[in-house]
Amino acid sequence: MRKPQIDYTAVFHALPGMVALLTPDLVYADANDDFLRLAGRTREQLLGRYIFDVFPENPHDRAAAGMRETRTSMLRAVATGERDTMALLRYDIQDPERSGRWVEHFWSPVNAPVLGPDGNVVLIVHRVEEVTELIRARGGLGHDGRARMLEAELFTRARELQEVNERLRRAQARDREVALALQEAMLPAPMPVGHHRAAVRYWPAAGTLNVCGDWYDLVDLPGDRIAVAVGDVVGHGLSAACVMGQLRSALSAAARVAAGPAQALEALGLYARRVDGAESTTVVKTLIDWGTHTITYSSAGHPPPALLRSGGIVAFLDEATDPPLGARPEHVPRPEASTPFAEGDTLVLYTDGLVERRAEDIDTGLARLADSLARHGQDDPESLADALLADLLPPSGNTDDTALVVIRL
């Protein structure tokens, strides 16, 4: 069957209900036929003009807040890349045929972003449903006292709901700032690891409190050796940040006295049994020894480190994987494996936010990582870290935080 050719411009103009398209600067780009008809404006009066120049706020209503609330909602959709549904809104419209006459209107608006190929917002879909007659009919008679009281009550409750939601957004934004500041204080600042080149990144999740579960750690050891670890605490927010800080510090200390990565993870596992919220944490620990040119590693349920060898070949270090911390009822020794490396190879440790996606097999994410490493493997560690994040994280933001360590061996 032949696929029909669809004229999407004609479809847009014929859409039922009031729909307009605006740029991120809130300038009209288009409007469908119902929008023009019900708003009493021509397409020429809208296109290329700022929304609030076309529809200014009623200057006779000192309590009017429709313009501020609409602008806030639209700019929030641009900033977050997410749909923003507004509460019931009163926004009077000036009669185009009688200058100075304002007609009372009530609206139910939704603002939805349209993303471009680079993930940035290129348009806002502004859909509005006029509910003026519905509000007036609530009492059975158009403008009797009871109808006006019901109208005022509905309008007041909707305004209160919107104000509560706005306060909640501000409170969540403050909590996010606290969580990020706490994580920044707990994670070590980037520093040289001997004479070797390394880059570290932490990328918080998109969302209010979706931060603070992931960590990294680099420890200089005697004999031209370094211990490198990456871990992921289950959960998000301030509680996860506190657990992360305890586990990172404990593992960093264990790395200085343990015989190898497996023994360090065994000590961490015993410690985690005493920390609320540490169960099911995943960690991978590596010991890089330039004297023997070997990487020794052990993993507690964590995605495998990637080793980029000369010639663009990527190997995943997955021969010493065990369950996450606290997953076993009894303590048992953890496995450990070693692999050789050559000068110029690159080791990459990361958390699952870099490779995992909902409804997608983990092997697909690992294949993306291998492909990106092969394409950018000649870059210096700092540039390579940026390239991996650009290639692998969704443009609109990830739902999980991501820690990344890149070391040129």
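Which residue forms a salt bridge with Arg201? I began my notebook with this pair, and the partner is Asp386, with the closest N and O atoms 3.0 Å apart. I count a salt bridge when a side-chain nitrogen of Lys or Arg is within 4 Å of a carboxyl oxygen of Asp or Glu.

**Ground rules.** I am working on a predicted model, where local features need pLDDT of at least 70, side-chain atom pairs count only at pLDDT 80 or more, and totals for chains, interfaces and linings use all residues. Residues are numbered from 1 along each chain as its sequence is written, and side-chain values use heavy atoms, with hydrogens and water left out.

**Arg201 and Asp386.** I looked up where the two sit: Arg201 is in strand S9 (residues 197-203) and Asp386 in helix H11, so the pair links distant parts of the chain, 185 residues apart. Helices (H or I, at least four residues) and strands (E, at least two) are DSSP runs, numbered from the N terminus. Arg201 is buried at 18% relative accessibility, while Asp386 is partly exposed at 41%. Buried means under 20% relative accessible area, exposed over 50%, and partly exposed in between (1.4 Å probe, protein chains only).

**Helix H11 and its partner.** I then checked helix H11 (residues 381-392) against helix H10 (residues 362-376): their axes come within 10 Å and cross at roughly 140°. That makes H10 oblique to H11. Angles under 35 degrees count as roughly parallel, over 145 as roughly antiparallel, 65 to 115 as roughly perpendicular and the rest as oblique. The axes are lines fitted to C-alpha atoms, for helices over the stretch in contact, and angles run from 0 to 180 degrees between N-to-C directions.

I found 16 in the structure. One of them joins Glu104 to Arg90, with the closest N and O atoms 3.6 Å apart. Glu104 lies in the loop between strand S6 (102-103) and strand S7 (106-115), and Arg90 in strand S4 (residues 89-90), 14 residues apart. Here Glu104 is buried at 15% relative accessibility, and Arg90 is partly exposed at 27%.

Arg334 and Asp322 form another, with the closest N and O atoms 3.4 Å apart. Arg334 is in the loop between strand S16 (321-322) and strand S17 (337-340) and Asp322 is in strand S16, so the pair ties together parts 12 residues apart in sequence. I noted Arg334 as buried at 14% relative accessibility, and Asp322 as buried at 11%.

Last, I saw that Asp30, Asp33 and Arg43 are linked in a network of salt bridges.
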